[in-house]
Amino acid sequence: MQQDFRQEDKYIKAKKRVKAIKGFYVHLMVYVLGNIFISGIVIFGLIQSGYTIVDAFSNFGVYSTWLFWGIVMFFHWMGVFGFKSIGFGNDWEEKKIKEFMEK
């Protein structure tokens, strides 16, 4: 009975982890495709308003969405992959609780 509970608990944790990883990759795809679309619109608009192609591509407005959304992507990545690799995963809380209970 205890073994069944542990197996089910492991399965639930693994399923949550897979869902988090899948969510990150979906977010990454939306980030790339969305920013290509937004950059294209900005470049098109700049060219229509008289900018040269070189000036349009060097305009900060073309890259600002990539930058600011990229910061959000970084924190999403840290939440899914990064914090666990530096020791703050889900098991960290359980280990700390056991450590304090033993003291």
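This is a predicted model: local features need pLDDT of at least 70, side-chain atom pairs count only at pLDDT 80 or more; totals for chains, interfaces and linings use all residues.
Residues are numbered from 1 along each chain as its sequence is written, and side-chain values rest on heavy atoms, with hydrogens and water left out.

The aromatic rings come first. The structure holds 8 aromatic pairs (rings of Phe, Tyr and Trp, the last by its six-membered ring, with centres within 6.5 Å; planes under 30 degrees apart are stacked, over 60 edge-to-face and the rest tilted). Among them is the edge-to-face pair of Tyr-31 and Trp-66, with 5.5 Å from centre to centre and 80° between the planes. Because Tyr-31 belongs to helix H1 (residues 2–48) and Trp-66 to helix H3 (residues 60–85), this pair ties together parts 35 residues apart in sequence; helices here are DSSP runs (H or I, at least four residues), numbered from the N terminus. Tyr-31 is buried at 13% relative accessibility, whereas Trp-66 is partly exposed at 25% (buried means under 20% relative accessible area, exposed over 50%, partly exposed in between, with a 1.4 Å probe and protein chains only). One aromatic cluster is formed by Phe-24, Tyr-25 and Phe-81.

Turning to charged side chains, the search of the whole structure found 1 salt bridge (a side-chain nitrogen of Lys or Arg within 4 Å of a carboxyl oxygen of Asp or Glu). Asp-9 and Lys-13 form a salt bridge, their closest N and O atoms lying 3.8 Å apart. Both residues, Asp-9 and Lys-13, sit in helix H1, 4 residues apart, or about one turn of the helix. Asp-9 is partly exposed at 33%, and Lys-13 is likewise partly exposed, at 32%.

Notes. Helices (H or I, at least four residues) and strands (E, at least two) are DSSP runs, numbered from the N terminus.
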